[in-house]
Structure formats: C-alpha cells, structure tokens
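Please go through the model below with the sequence at hand.

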Amino acid sequence: MMGSEADRAKVDKAVQGVRDEILSGGLAPGTTVTVSGLATQFGTEDALMHEAVAALAEEGLIEAAGHEHRIANLGRQQAVQLLDVMGVVLVALFERAAPRLSAGEIDRMATLVDELRTALQHEDMLASHRAIGELVGIILQAGDHQELREVNTHVLGRSLARLHLFQHAVAYPIWTDGWDETVQYLQRGHPEAAVERLRRTFWILAEELAPESS
C-alpha cells in the first residue's frame with residue numbers, strides 16, 4: 001500500500017509512462033516484462049512499480065505470466081467485444097450530451113477529429129489515444145451526470161487503451177470518417193443525426209473486424 005500523496009503521484013507517473021510506452025509501441029504486445037525491469041527503466045522503486053503494474057493489469061494492458069508479466073495482445077474477437085461495449089456506453093452518453101454541446105466544444109471536437117486522422121495516418125497510436133480520449137472527455141463532460149461520468153470514464157478509458165493494442169489499418173478511415181461526419185451533423189445543428197451516425201460507426205467497425213465464419 002502507498003503511504004503518501006507523493007507515492008501516489010509517483011505511481012500515477014509510472015502508470016502513465018508505461019502506458020505511453022505500450023501505446024507508442026515501445027513495449028509491443030506479447031513482450032515479457034518484470035516489475036524490477038520496469039522500475040529500472042522508468043526510474044522508480046520496485047514497490048511503486050508493483051502498484052503501477054497492478055493498475056495497468058486492471059486496465060487490461062498487462063497480463064500476469066507466472067512470476068513475470070506480459071504486455072497484453074488483443075485479438076480480433078476481443079476487439080469486436082470491446083467495440084460492442086464502447087458502442088453501447090458511448091452512444092448512450094452521446095445521446096444525452098449531443099444537444100448540450102456548445103459551439104466551442106463542437107469546434108474543439110472537429111480539431112480533435114483532424115488530429116485523430118493525422119495520428120492514424122502515421123500509425124501514431126499514442127497521439128490517437130490522446131485525441132480520442134479528449135473527444136470522449138468532451139462528451140462525458142457535456143452529459144452533465146457526475147455518477148455516470150465517473151463510472152464511464154473508467155469503462156471507456158480502459159476500453160480505448162485496450163483497443164489501441166489491436167492495429168488494423170483498414171478500420172482507421174471507418175473510425176475517422178465516422179467521427180468526422182458525426183461532428184459535421186453537430187455543426188449543422190442536427191444532434192439526433194449525429195447520434196445515429198456515431199451508432200452506425202460502431203456497427204460498421206464491428207462488421208469489418210468480425211472474424212470470418214469458418
């Protein structure tokens with residue numbers, strides 16, 4: 001257990017550092033790691049890195065492998081399942097948030113969609129994760145429901161991070177075009193159409209990624 005706010009801050013820093021290294025590809029899926037090795041790499045104590053690894057395991061980014069650990073490797077079926085969860089949760093939140101979004105928030109979303117597209121074009125998963133994370137954050141904030149926001153921040157944050165372990169270039173334009181058209185509907189003052197477009201984006205992605213029947 002951590003004994004101080006300073007220790008908590010160090011753990012949070014270690015979590016962010018390892019997460020960024022995973023999403024950037026520095027720690028590739030399937031890579032075996034140890035707590036002591038990560039502590040040395042990120043310049044922290046073994047006990048604090050142990051807490052960080054536990055948090056990342058809860059996020060689904062690290063898996064236990066005996067006395068060692070392994071960077072998670074997300075398969076196609078798992079990706080589809082995550083999309084199903086995200087689709088239900090995020091679209092429900094967006095349905096509440098869409099009519100409440102300000103012009104400034106919608107403009108920021110448009111900028112973030114451009115950043116998302118650029119990141120995926122360069123296969124920069126870390127930048128992609130940050131852009132989509134802020135997009136989702138705007139939706140959560142606009143939904144204006146504290147309890148739902150706290151629960152879904154955890155659910156969506158975990159799902160988004162895990163999805164970035166599954167890199168499938170064919171899906172990138174589906175994802176970015178869906179967000180682009182969603183924001184365009186918002187800019188034209190059609191929140192209901194924006195909600196339906198986001199719902200359809202998840203449906204199309206799930207269809208694209210679904211394993212082929214044998």
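At its relative accessibility, does Arg-8 count as buried, partly exposed or exposed? The model is a predicted one, and in it Arg-8 has a relative accessibility of 35%. Buried would require a value under 20% and exposed a value over 50%, so Arg-8 counts as partly exposed. Its salt-bridge partner is Asp-12, with 2.8 Å between the closest N and O atoms. Asp-12 is also partly exposed, at 41% relative accessibility. Both residues belong to helix α1, where four residues, about one turn of the helix, separate Arg-8 from Asp-12.

Helix α1 spans residues 5-23 and also holds Asp-20. With a relative accessible area of 16%, Asp-20 falls under the 20% limit, and therefore Asp-20 is buried. What does the side chain of Asp-20 meet at 2.7 Å? The answer is the side chain of Gln-16, in a polar contact. Once residues up to four places away in sequence are set aside, Asp-20 touches Leu-126 and Arg-130.

The contact with Arg-130 is also a salt bridge, in which the closest N and O atoms of Arg-130 and Asp-20 are 3.2 Å apart. This pair links distant parts of the chain: Arg-130 lies in helix α6 (residues 125-143) and Asp-20 in helix α1, 110 residues apart. Side chains of opposite charge can pair when their charged atoms come close.

Another salt bridge joins Arg-117 and Asp-180, with the closest N and O atoms 3.7 Å apart. Arg-117 counts as partly exposed at 23% relative accessibility, and Asp-180 is partly exposed with a relative accessible area of 26%. Salt bridges also link Arg-108, Glu-115 and Glu-134 in a network. Over the whole structure, a search finds ten salt bridges.

The next topic is the sheet. In what order do the strands of the open sheet stand? The three strands are arranged β1-β3-β2, and their pairing is antiparallel. β1 (32-33) and β2 (62-65) are the edge strands; each has a single partner strand, so one side of each is left without a neighbour in the sheet. Strands of a sheet pair through backbone hydrogen bonds, either parallel or antiparallel. Between β1 and β3 (residues 68-71), which run antiparallel, there are two bridges. Val-33 has His-69 of β3 as its bridge partner.

The last topic is the nonpolar core. Which residues touch the most other members of the largest core? They are Met-49, Phe-94, Met-109 and Trp-179, in a core of 68 residues. Helix α4 (residues 76-97) contributes the largest share of this core, eleven residues. Met-49 can be followed through its contacts, leaving aside its neighbours within four places in sequence. Among the residues in contact with Met-49 are Ala-14 and Val-18, whose numbers fall within the 5-23 span of helix α1.

Methods. Residues are numbered from 1 along each chain as its sequence is written. This is a predicted model: local features need pLDDT of at least 70, side-chain atom pairs count only at pLDDT 80 or more; totals for chains, interfaces and linings use all residues. Side-chain values use heavy atoms; hydrogens and water are left out. Two strands pair if DSSP finds at least two bridges between them. A nonpolar core is a set of buried Ala, Val, Leu, Ile, Met, Phe, Trp, Tyr and Cys residues joined through side-chain atoms within 4.5 Å. Buried means under 20% relative accessible area, exposed over 50%, partly exposed in between (1.4 Å probe, protein chains only). Contact means heavy atoms within 4.5 Å. A polar contact is a pair of N or O atoms within 3.5 Å; within protein, one must be able to donate a hydrogen and the other to accept it, and residues adjacent in sequence count only if both atoms are side-chain atoms. A salt bridge is a side-chain nitrogen of Lys or Arg within 4 Å of a carboxyl oxygen of Asp or Glu.
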